[in-house]
Amino acid sequence: MTEQEFIDELAEALELECEAKIDDEFRDYDEWDSMMFLTLVAYLQQRHGFNLTAEIFGELDTWRDLYERVK
């Protein structure tokens, strides 16, 4: 899966209203909240078999950081 495919799928799964870019800091999104985090956790588990823990999440800043962890 390419970075672009990853970010496109994430944007759709999270129902982002803005255009997501791979180097965006996701916590800067206006709509970022705990529900979006839970949606992200569920999406990553279902689609990629990746368990996003709070510890891992705390180490991430951008979608690229997440992509690198998942792939």
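Colleague: Which residues in α2 do Phe6, Glu9, Leu10, Ala13 and Leu14 in α1 meet?

Modeller: Please note that this is a predicted model. Contact requires heavy atoms within 4.5 Å. On the α1 side, Phe6, Glu9, Leu10, Ala13 and Leu14 take part, and their partners in α2 are Met36, Thr39, Leu40, Tyr43, Leu44, Arg47 and His48.

Colleague: How do the residues of the contact of α1 with α2 divide into nonpolar, polar and charged?

Modeller: The contact includes Phe6 and Leu10 from α1, and Leu40 and Leu44 from α2. Its polar residues number two and its charged residues two, while the nonpolar ones number eight.

Colleague: At what angle do the axes of α1 and α2 cross, and is α1 oblique or parallel to α2?

Modeller: Helix α1 covers residues 3-14 and helix α2 residues 34-48, and their axes come within 10 Å and cross at roughly 130°. Angles over 145 degrees would count as roughly antiparallel, and those from 65 to 115 as roughly perpendicular.

Colleague: Is the crossing of α2 and α4 left-handed or right-handed?

Modeller: The axes of α2 and α4 come within 12 Å and cross at roughly 35°. Leu40, Leu44 and His48 in α2 meet Trp63, Leu66 and Val70 in α4. Five residues of this contact are nonpolar, one is polar and none is charged. The handedness of the crossing is right-handed.

Colleague: How are α1 and α4 placed relative to each other, parallel or perpendicular?

Modeller: The axes of these two helices come within 11 Å and cross at roughly 110°. Angles from 65 to 115 degrees count as roughly perpendicular. Helices α1 and α4 are therefore roughly perpendicular.

Colleague: How many charged residues does the contact of α1 with α4 have?

Modeller: From α1, the contact draws on Glu3, Phe6, Ile7, Leu10 and Leu14. From α4, the residues are Trp63, Arg64, Leu66, Tyr67, Glu68 and Val70. Eight of the residues in the contact are nonpolar and none is polar, and the number of charged residues is three.

Colleague: Let us turn to the aromatic residues. What kind of aromatic pair do Phe26 and Trp32 form?

Modeller: The structure holds eight aromatic pairs. In the pair of Phe26 and Trp32, the ring centres lie 5.3 Å apart and the planes are at 45°. Planes under 30 degrees apart would count as stacked and those over 60 as edge-to-face. The pair of Phe26 and Trp32 is tilted.

Colleague: Which residues form one aromatic cluster with Phe26 and Trp32?

Modeller: Phe26 and Trp32 are both buried. The cluster that includes them also takes in Tyr29, Phe37, Phe57 and Trp63.

Colleague: Is Tyr29 buried or exposed?

Modeller: Tyr29 lies in the loop between α1 and α2. Leaving aside neighbours within four places in sequence, Tyr29 is in contact with Leu16, Cys18, Ala20, Lys21, Asp24 and Trp63. A relative accessible area under 20% counts as buried. Because the relative accessible area of Tyr29 is 10%, Tyr29 is buried.

Colleague: What is the relative accessible area of Thr62, and where is Thr62 found?

Modeller: Not counting residues up to four places away in sequence, Thr62 touches Ile22, Asp23, Asp24, Glu25 and Phe26. Thr62 is buried, with a relative accessible area of 12%. Its place is the loop between α3 (54-58) and α4 (63-70).

Colleague: Which value is phi of Glu15 near?

Modeller: Glu15 is found in the loop between α1 and α2. Glu15 is exposed, with a relative accessible area of 65%. Most residues other than glycine have a negative phi. Glu15 is not glycine, yet its phi is positive, near 55°.

Colleague: By what distance are the C-alpha atoms of Glu17 and Glu31 separated?

Modeller: Glu17 is found in the loop between α1 and α2. Glu17 is exposed, with a relative accessible area of 75%. Glu17 and Glu31 are 14 residues apart along the chain, and their C-alpha atoms are separated by 8.3 Å.

Notes
Residues are numbered from 1 along each chain as its sequence is written. This is a predicted model: local features need pLDDT of at least 70, side-chain atom pairs count only at pLDDT 80 or more; totals for chains, interfaces and linings use all residues. Side-chain values use heavy atoms; hydrogens and water are left out. Axes are lines fitted to C-alpha atoms, for helices over the stretch in contact, and angles run from 0 to 180 degrees between N-to-C directions. Helices (H or I, at least four residues) and strands (E, at least two) are DSSP runs, numbered from the N terminus. Ala, Val, Leu, Ile, Met, Phe, Trp, Tyr, Cys and Pro count as nonpolar, Asp, Glu, Lys and Arg as charged, and the others, Gly among them, as polar. Buried means under 20% relative accessible area, exposed over 50%, partly exposed in between (1.4 Å probe, protein chains only). A crossing is left-handed if the near helix is turned anticlockwise from the far one by less than a right angle, and right-handed if clockwise. Rings of Phe, Tyr and Trp (its six-membered ring) pair if their centres lie within 6.5 Å; planes under 30 degrees apart count as stacked, over 60 as edge-to-face and the rest as tilted. Angles under 35 degrees count as roughly parallel, over 145 as roughly antiparallel, 65 to 115 as roughly perpendicular and the rest as oblique.
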